[in-house]
Each structure stands twice: as C-alpha cells, then as structure tokens.
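This report describes selected features of one protein model. Please view the sequence and the structure before reading on.

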Amino acid sequence: MSESVERFYDDLAADYHHVYADWESGIERQASALDQLIQCEFSASASIVLDCSCGIGTQAIGLAQRGYEVFASDLSPKAVARAEAEAAKRGLNVRFAVADVRELECVFDQKFDVVISCDNSLPHLLTDEDLTLALRNIRHVLTDKGLFVASIRDYDRLLAEKPSYVVMNPGGTHEEEVIVFQIWDWSKEADTYLLRLFVMNRASREWRVKEIRTRYRAIRRNELTAALESAGFSRIAWHGPEQSGYFQPIVTARA
C-alpha cells in the first residue's frame with residue numbers, strides 16, 4: 001500500500017458521502033446487515049468492535065448506533081477527522097485513531113471481539129506480503145476465536161467482465177447536483193486496475209470537477225481465502241449479498 005492510498009482518501013473525505021444517493025440510509029442499511037451477520041456468526045455476545053478501515057465512519061457510526069462499543073481507525077487522517085466529527089454530531093462515543101492496517105498491533109493494546117474492514121479496503125494491498133501482514137495484524141488484535149468480517153467487490157465476476165466505467169451516484173442530493181462515476185484502467189501485466197474517481201457537483205451555476213486516483217488489486221475469493229489461512233484464520237466462509245443483505249460479498253473468519 002503506497003502513500004497514494006492515504007492521499008486518495010484524504011482528497012475524497014469531504015465528498016465521500018456523495019458516493020451514496022443517501023448516505024444516512026446507507027449507514028443504517030449496512031449496520032443492519034453487519035449486526036445480523038455478527039450476531040449470527042458469533043456464538044457469544046460480541047460487544048467490542050474495531051473498524052480498521054473506517055473511512056468517514058459509515059460502518060462505525062451505524063454499529064455504534066446499535067449499541068456496540070466501537071473503535072475505528074484508518075490510514076487517512078482527513079477521513080478519520082471527518083468520521084470523528086460525524087460521530088460527535090450524532091452524540092456517539094467512538095474512539096478513533098490514524099493507523100495503517102499493517103501496523104494495528106503497534107497501535108492497539110487491547111483485543112476486540114470483532115474486527116471489520118468493509119467497502120473494498122483490503123484490495124488496496126497490492127502484494128501477497130502486504131495482504132498477509134495486514135491479516136496477521138488483524139488476527140493479533142482479535143480475542144481468542146474473535147470474528148473478522150470483510151467486504152470486497154465480486155472480483156471473480158469483475159475479472160471476467162473487466163468493466164471500464166461505473167456510475168455510482170448520478171443524481172446527488174436536494175441541496176446540490178452531484179454526479180459521481182469511476183473509470184477503471186485495467187493493467188495488462190497483473191490483476192490490478194487504476195481507479196479514477198470523478199466527483200462533479202454544482203451548488204450554484206458552475207460545475208466543479210474533482211478527479212482522484214488509486215490502484216486496486218482484483219483479489220479472487222480463493223486468493224483471499226488462502227491469505228486468511230496463511231495468516232492463521234479458520235472457519236472461513238463467504239456470504240453473498242442475497243444472503244447477508246450487504247451490497248458486496250462478505251468473508252468471515254475466526255482467529
């Protein structure tokens with residue numbers, strides 16, 4: 001993971017909510033699906049959660065609203081600052097930190113019942129070494145038999161299709177017109193792609209256009225399963241959106 005990932009989310013932090021047609025509803029929907037999955041997968045009562053790639057707080061806020069004790073971290077200082085402000089605005093006691101997922105054991109000195117990493121965060125780790133290092137750090141901060149939950153894009157399907165254009169939010173909000181879309185430039189040498197995200201908004205008469213870029217690795221399910229096993233996880237299971245109600249495939253694993 002290069003420093004460009006940090007810069008990508010720093011640059012996106014102020015506009016991230018525009019990725020959703022309704023961010024508030026997205027918070028509730030995702031929290032509902034994650035809560036049901038956690039309660040189903042965790043035999044004991046899970047109460048302490050770490051969101052180790054929290055962004056502006058979409059999942060952390062929703063889970064805190066549902067009564068979990070939530071800690072949250074992210075590589076991007078600006079995303080964490082926004083998440084902290086959003087949580088405070090809602091009167092939520094979420095504890096935030098700026099942290100690289102590959103260095104969690106150096107940042108947190110306690111254990112968590114559940115660690116989550118949602119919204120396709122793991123594919124920023126472009127090498128097997130970085131992915132395994134991140135997963136080992138995640139396992140280190142979990143309690144014995146603690147639960148890891150991650151969501152990623154359906155790369156088994158996307159690698160067959162290799163789309164070049166993705167519309168995310170074509171309408172915006174009542175306050176301003178917003179168009180958000182992505183262009184994917186696939187590498188010919190590896191299963192990676194350069195994502196170019198465009199945010200176009202018009203709050204008055206003129207359009208403002210922002211373009212930010214980052215690279216993703218298209219990780220197949222069997223590759224992530226193998227990486228989880230290599231990091232010491234067990235009871236690895238995949239949950240499709242039709243099962244979980246979440247908008248991306250989810251993988252769960254036990255420490």
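## Two loop residues with positive phi

K162 is found in the loop that links helix 7 (155-161) to strand 6 (165-169). The model is a predicted one, and in it K162 has a positive phi of about 45° although it is not a glycine. With a relative accessible area of 38%, K162 is partly exposed.

D119 also has a positive phi, near 60°, and is likewise a residue other than glycine. The loop that holds D119 runs between strand 4 and helix 6. Its relative accessible area is 16%, and D119 therefore counts as buried, the cut-off being under 20%. Most residues other than glycine have a negative phi.

## Strand 4 and its partners

Strand 1 (residues 48-51) and strand 4 run parallel and are joined by 3 bridges. D51 has I116 of strand 4 as its bridge partner.

Strand 4 (residues 112-117) also pairs with strand 5, in the parallel sense and over 5 bridges. Within strand 5, F148 stands opposite V115. Strand 4, helix 6 (residues 128-140) and strand 5 together make a right-handed β-α-β unit.

## Strand 5 and strand 11

Where does strand 5 stand, mostly covered or mostly open? Strand 5 (residues 142-151) is mostly covered, with 7 of its 10 residues buried. Strand 5 and strand 11 (residues 250-254) run antiparallel and are joined by 5 bridges. A150 stands opposite V251, which belongs to strand 11. In a regular strand the side chains alternate between the two faces of the sheet.

## Helices lying across the sheet

Notes: Residues are numbered from 1 along each chain as its sequence is written. This is a predicted model: local features need pLDDT of at least 70, side-chain atom pairs count only at pLDDT 80 or more; totals for chains, interfaces and linings use all residues. Side-chain values use heavy atoms; hydrogens and water are left out. Buried means under 20% relative accessible area, exposed over 50%, partly exposed in between (1.4 Å probe, protein chains only). Helices (H or I, at least four residues) and strands (E, at least two) are DSSP runs, numbered from the N terminus. Two strands pair if DSSP finds at least two bridges between them. A crossover is right-handed if, with the strands pointing away from the viewer, the path from the first strand over the helix to the second runs clockwise.
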